[in-house]
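Hi,

Here is the structure I promised to pass on to you. Have a look at it first, and then read my notes below.

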Amino acid sequence: MLLGVNIDHIAVLREARKINDPNPLDAVSICKLSGADQITIHLREDRRHIHDNDAKVIIEQSALPVNLECAIDEDIIDIVCKLKPARATLVPEKREEVTTEGGLDLKGSYKKLQKAIKKLHANEIEVSLFIDPNKEAIELSKKLNVEWIELHTGSFANIYAMLNTNLRNTHHSIKELELSKKELNIKLQNSIGELKKASKLAIKNDLKVAAGHGLNYQNVILVSNIQGIEELNIGQSIIARSVFTGLKDAIIEMKNLIK
Ligand SMILES: CC(=O)[C@@H](O)[C@H](O)COP(=O)(O)O
Ligand SMILES: NCC(=O)COP(=O)(O)O
């Protein structure tokens, strides 16, 4: 199983102080030495963490392939075409969201997606679509002629956390998931079932399958065991763990779990 380490969260720490420390570029060689297979960064439209110059120097200097997540916005796509990462992952973005809440609306954004994908391919950048795990999204991804899909695991991760951690006792409890253990267990099984079905269908359609969002040291095994998923992109939990163990150990521990 390949591991893409999302290093946005290092820039989050820097932006909390609006200074120049820590520098996400410093993480790149540690990721490589610790066994990561890819660097993932998200150049958000509001530049809340990764900035254009971070993306530029990381892509220029990384010995690992860089997967650049971005919105379908024309200006952003033009920037990505100039930056030339190995892969662009197209994601939905809402300015007010805390993090990426769901997969792309492939039907609603079909024309915009076609245009963006054409531009990226013309610049020899492979394309991935960040989608919810369902049949329609897989079939539309196939029609859009991309190389990869990335299954959004955020919903699975939220259910897992409400069932197996103390999240519901904190002020970050997820109101719509304040359910009985029995109900949460059913939801968790359904959510894993959806990921399994989507992965199987994607493979049948010759799409390469990645997954990510909200994966951590507790929940990752359930996703890494799903047949067909060949890459996980993980950020927040690895950077959070690294505060205590250092980045090298945090990556090695995650890589060992998903092997
Ligand atoms: C698209 C995605 O899942 C990642 O980019 C992740 O959300 C980390 O970035 P944010 O913290 O900006 O949402
Ligand atoms: N695409 C998912 C990603 O890059 C990492 O998401 P998270 O682990 O930071 O939630």
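Asp8 counts as buried because it has 22 C-beta neighbours inside 10 Å. The rule is that a residue is buried if 20 or more other C-beta atoms lie within 10 Å of its own, exposed if 12 or fewer, and partly exposed in between, with C-beta atoms placed from the backbone. Asp8 is found in helix 1; helices (H or I, at least four residues) and strands (E, at least two) are DSSP runs, numbered from the N terminus. Apart from neighbours within four places in sequence, Asp8 is in contact (C-beta atoms, placed from the backbone, within 7 Å) with Ile41, His42, His49, Ile50 and Gly235.

Before you go further, please note that this is a predicted model: local features need pLDDT of at least 70, side-chain atom pairs count only at pLDDT 80 or more, and totals for chains, interfaces and linings use all residues. Residues are numbered from 1 along each chain as its sequence is written, while chains are lettered from A and ligands numbered from 1 in the order in which they are written.

The unreviewed UniProt entry places the feature "binding site" at Asp8, His9, Arg44, His49 and Thr99. These residues are spread over 92 residues of sequence, yet they cluster in space, with a largest C-alpha distance of 12.5 Å. UniProt positions are given in the numbering used here, feature names are shortened, and annotations may be inferred rather than shown by experiment.

Is Thr99 buried or exposed? Thr99 counts as exposed, because it has 11 C-beta neighbours inside 10 Å. You will find Thr99 in the loop between strand 4 (87-90) and helix 5 (110-122).

Now for the ligand. The residues around ligand 1 (C-beta atom, placed from the backbone, within 6 Å of it) include Asp8, Arg44 and Thr99, as well as His42 and Gly235.

Next, take a look at helix 3 (residues 52-61), whose buried residues are Asp54, Ala55 and Ile58. They sit on the same side of helix 3 because they cover an arc of only 95 degrees around the axis, where the arc is that of the directions from the helix axis to the C-beta atoms. On the other side of helix 3, Asn53, Glu60 and Gln61 are exposed. The buried residues of helix 3 pack against several elements, including helix 1 (8-17) and strand 2 (38-42).

Happy exploring!

How values were computed: Two residues are in contact if their C-beta atoms, placed from the backbone, lie within 7 Å.
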